[in-house]
Amino acid sequence: MFTKIEIMKSLIYLSLAFFLLSCNNDDKIKINQLSEKIISSDLHRTGINQGIIGKYTNGQIVLDYSSDDMLEIFEQDLMDIYNETKPVSVKVIEINNKDYLRFFNNDETVSTIELFTENNIVYTGKTVCTSKICASGGGCIPDGEYCTKCEKLAEDCVRTTSDLTPNPGG
């Protein structure tokens with residue numbers, strides 16, 4: 001019997017194979033570059049950074065994971081950094097025409113990770129910015145490998161960056 005994760009991985013690989021067969025050479029190069037950026041579709045194994053989390057369909061981001069799954073995955077990531085912090089809710093937000101995944105935590109902090117879309121595949125960046133005072137504004141959000149400055153209190157923004165290398169074996 002196949003597990004849910006194995007089925008999801010198979011569907012993703014089949015989708016990529018279909019795209020490759022139906023694309024011209026320029027499209028194939030772009031898809032190969034995208035696959036090099038993405039570590040794995042199994043966030044339970046790799047964590048929240050640089051993973052496929054959904055699709056861009058009809059002008060909206062549709063997540064492949066339930067809110068409970070996303071909270072569980074992010075909680076595992078947080079345990080390495082913050083012992084007492086636990087995410088309690090998650091949603092996709094837009095700030096300055098960019099999409100982000102934002103986790104609202106039990107200690108009144110928010111953790112934000114940028115979302116990227118290529119060929120209708122949505123994946124996360126490698127930098128998570130966590131803030132308390134700047135949680136309600138546009139400050140302390142990922143900007144490449146760094147976080148934007150928190151205007152209210154410079155020490156409020158905490159950055160964690162995961163620079164994972166692609167695993168060709170999946």
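Guide: Let's start with a single spot: I93 stands opposite Y100 in β4. Before we walk on, a word on what you're looking at: this is a predicted model, where local features need pLDDT of at least 70 and side-chain atom pairs count only at pLDDT 80 or more, while totals for chains, interfaces and linings use all residues. Residues are numbered from 1 along each chain as its sequence is written, and side-chain values use heavy atoms, with hydrogens and water left out.

Two strands are said to pair if DSSP finds at least two bridges between them. The strands themselves are DSSP runs of E, at least two residues long, while helices are runs of H or I with at least four residues, and both are numbered from the N terminus. Between β3 and β4 the hairpin has 2 residues, and there N96 takes a positive phi near 50°.

Now cross to the other neighbour of β4. Here β4 pairs with β5 in the antiparallel sense, over 5 bridges, and F103 stands opposite S111 in β5. This hairpin has 4 residues between its strands, and E108 takes a positive phi near 70°.

Keep going and you reach β6. Strand β5 (residues 110-118) pairs with β6 in the antiparallel sense over 8 bridges, and I113 stands opposite V128 in β6. Their hairpin has 2 residues between the strands, with N119 at a positive phi near 50°.

Next, the rings. The structure holds 2 aromatic pairs. For rings of Phe, Tyr and Trp (its six-membered ring), a pair needs centres within 6.5 Å; planes under 30 degrees apart count as stacked, over 60 as edge-to-face and the rest as tilted. F74 and F103 have ring centres 4.0 Å apart and planes at 15°, so the pair is stacked. This pair links distant parts of the chain, with F74 in helix α4 and F103 in strand β4, 29 residues apart. F74 is buried, with a relative accessible area of 3%, and F103 counts as buried too, at 0%. The other couple, F116 and Y123, is stacked as well, at 5.6 Å centre to centre with 25° between the planes. F116 counts as partly exposed at 31% relative accessibility, whereas Y123 is buried at 6%.

The C-alpha atoms of D77 and I48 are separated by 7.2 Å, though the two lie 29 residues apart along the chain.

A search of the whole structure finds 1 disulfide, meaning a pair of cysteine sulfur atoms within 2.5 Å. C129 and C147 form it, their sulfur atoms 2.0 Å apart, and with -100° about the S-S bond the link is left-handed. It joins distant parts of the chain: C129 in strand β6 and C147 in strand β8 (residues 146-147), 18 residues apart. Both cysteines are buried.

Finally, step back for the wider view. The chain has 4 helices and 9 strands, running α-α-α-β-β-α-β-β-β-β-β-β-β from the N terminus on. Buried residues make up 39% of its 170 residues.

Technical notes: Buried < 20%, exposed > 50% of the residue type's maximum accessible area, 1.4 Å probe, protein only.
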